[in-house]
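Student: I want to check the labels on this protein one by one. Can we set each value against its cut-off?

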Amino acid sequence: MNDLGAGFGYLLKGQRWVARHGRWFGFGLLPGLITLVVYAGALVGLGYGADDFVAWATPFADDWSSPWLGLLRTTLTALVFVLGLFLAVITFTAVTLLVGQPFYDSLSEEVERSEGGEVPESGLPLWRELWISARDSVRILLRVALFGIALFACGFIPVVGQTVVPALGFCVSGYFLAQELTGVALQRRGLPLKKQLGLLRGRLPLVLGFGVPLALSFLVPFVAVFLMPGAVAGATLLARDLVDPARGFPATGPAGAAAPQERAV
C-alpha cells in the first residue's frame, strides 16, 4: 500500500512541477492537442460503426429470436467499444510521445536539471532516438494487443467478465502507460526496453500507483491532453528514483550517457 501511495505521489509531483513552470506546461500541451483531434475522430467513428461491425461479424445469429439476438449484439457492441477505449488509452500515450518526442525530451531534461545534478544524454542523433522510440512503442502495443485479446475473451465469463476483467484491464493500461512515460527518461540513460520492463516489474505496486490513476483519468475527454506534461514530469521523477546502480543497471558517464553497448539496438 505504501508503494501504491508513493506512485500516486509521483503523479501529483509531476503536475505540481508543470504548474510551477507554466511555460513548459504550454510547451507540453501541443503534441497532445494534435493527437487528441485524431483520436476523437477515430472514437466517434467507432461509436457509429461498432454495431454494424458486430452485425457483420455474427451472421450466425441472424435467425435468433428475441431477446437473445439483441442481448448478444448489444453485449458485443459494448465490448468492442470498451476494447477501443482500452487501446486508445494505451496508444494515445505512445502516439503522443512519438509526435512530441523533441518536446517531451526537452521537458524531461528540464525536470532533471531542476532536481540538480548532471542531465543524462543519450548521445544519439534525433532520428535514431525517434527510431528507437517508435520501435519500442510497436513492441509495447503488440504486448497490449495480446492482453487486450485475452481480456476481451475473458469478458464473456459471467460475473468475472464484468468485475475482475475491467480491473485487470486498468492495471494493464496503467503499467504500460507508466512504461511509455518513464521511457522518455530511461531511454536517455541507455536502458533498452527489456531492462526498462524489468525495472518497472521490480516495483510493480509503485508503478501501478502511478499508472492506474492516470489511465482512469485518461478516459475523461480532454483530460489526457492537460495531464500529459505533468505525467511526463512525474514519470521523469519516478525514473530518477528507480534507476540505481546498486540494482545492476548502468550508471551514467561523465555527460550522463550510458555505455555504448547499453544503447545498442
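This is a predicted model: local features need pLDDT of at least 70, side-chain atom pairs count only at pLDDT 80 or more; totals for chains, interfaces and linings use all residues.

Student: Why is L151 called buried?

Tutor: Buried means under 20% relative accessible area, exposed means over 50%, and partly exposed is in between (1.4 Å probe, protein chains only). L151 has 15%, so L151 is buried. This residue is found in helix 5 (residues 126-154). Helices are DSSP runs of H or I, at least four residues, and strands are runs of E, at least two; both are numbered from the N terminus.

Student: What does L151 touch, leaving out residues up to four places away in sequence?

Tutor: Contact means heavy atoms within 4.5 Å. On that test, L151 touches F86, V165, L168 and G169.

Student: What makes R203 and D3 a salt bridge?

Tutor: The rule asks for a side-chain nitrogen of Lys or Arg within 4 Å of a carboxyl oxygen of Asp or Glu. The closest N and O atoms of R203 and D3 are 3.0 Å apart, and the pair forms a salt bridge. R203 lies in the loop between helix 7 (193-201) and helix 8 (204-217), and D3 in helix 1 (residues 2-20), so the pair ties together parts that are 200 residues apart in sequence. R203 is partly exposed at 27%. D3, at 26%, is partly exposed too.

Student: How many salt bridges does the structure hold?

Tutor: Seven. One of them joins R113 and E110, at 2.9 Å from N to O. Both residues lie in helix 4 (residues 101-115), three residues apart, about one turn of the helix. R113 has 45% relative accessible area, so R113 is partly exposed.

Student: How do you know that R240 and E112 form a salt bridge?

Tutor: Their closest N and O atoms are 3.2 Å apart. This pair links distant parts of the chain: R240 sits in helix 9 (residues 223-242) and E112 in helix 4, 128 residues apart. R240 is partly exposed at 24%. E112 is at 0%, so E112 counts as buried. Both residues belong to a network of salt bridges that links D105, E112, R188, R189 and R240.

Student: Which residues form the positive surface patch?

Tutor: R139, R143, K194 and R201 form it. Patch residues have over 30% relative accessible area and no salt bridge; like charges are joined within 9 Å, and nonpolar side chains (Val, Leu, Ile, Met, Phe, Trp, Tyr) within 5 Å. Helix 5 and helix 7 each give two or more residues to the positive patch. R201 lies in helix 7. R201 has 52%, so R201 is exposed.

Student: Which residues form the nonpolar patch?

Tutor: F60, W64, W68 and L71 form it, with about 490 Å² of accessible area together. Areas come from the Shrake-Rupley method with a 1.4 Å probe, and for residues only the protein chains shown count as cover. F60 is found in the loop between helix 2 (22-57) and helix 3 (68-99).

Student: Why is F60 called exposed?

Tutor: F60 has a relative accessible area of 56%, so the label is exposed.

Note on methods: Residues are numbered from 1 along each chain as its sequence is written. Side-chain values use heavy atoms; hydrogens and water are left out. Lys and Arg count as positive and Asp and Glu as negative; His and the chain ends are not counted. The place of a charge is taken as NZ of Lys, CZ of Arg, CG of Asp or CD of Glu.
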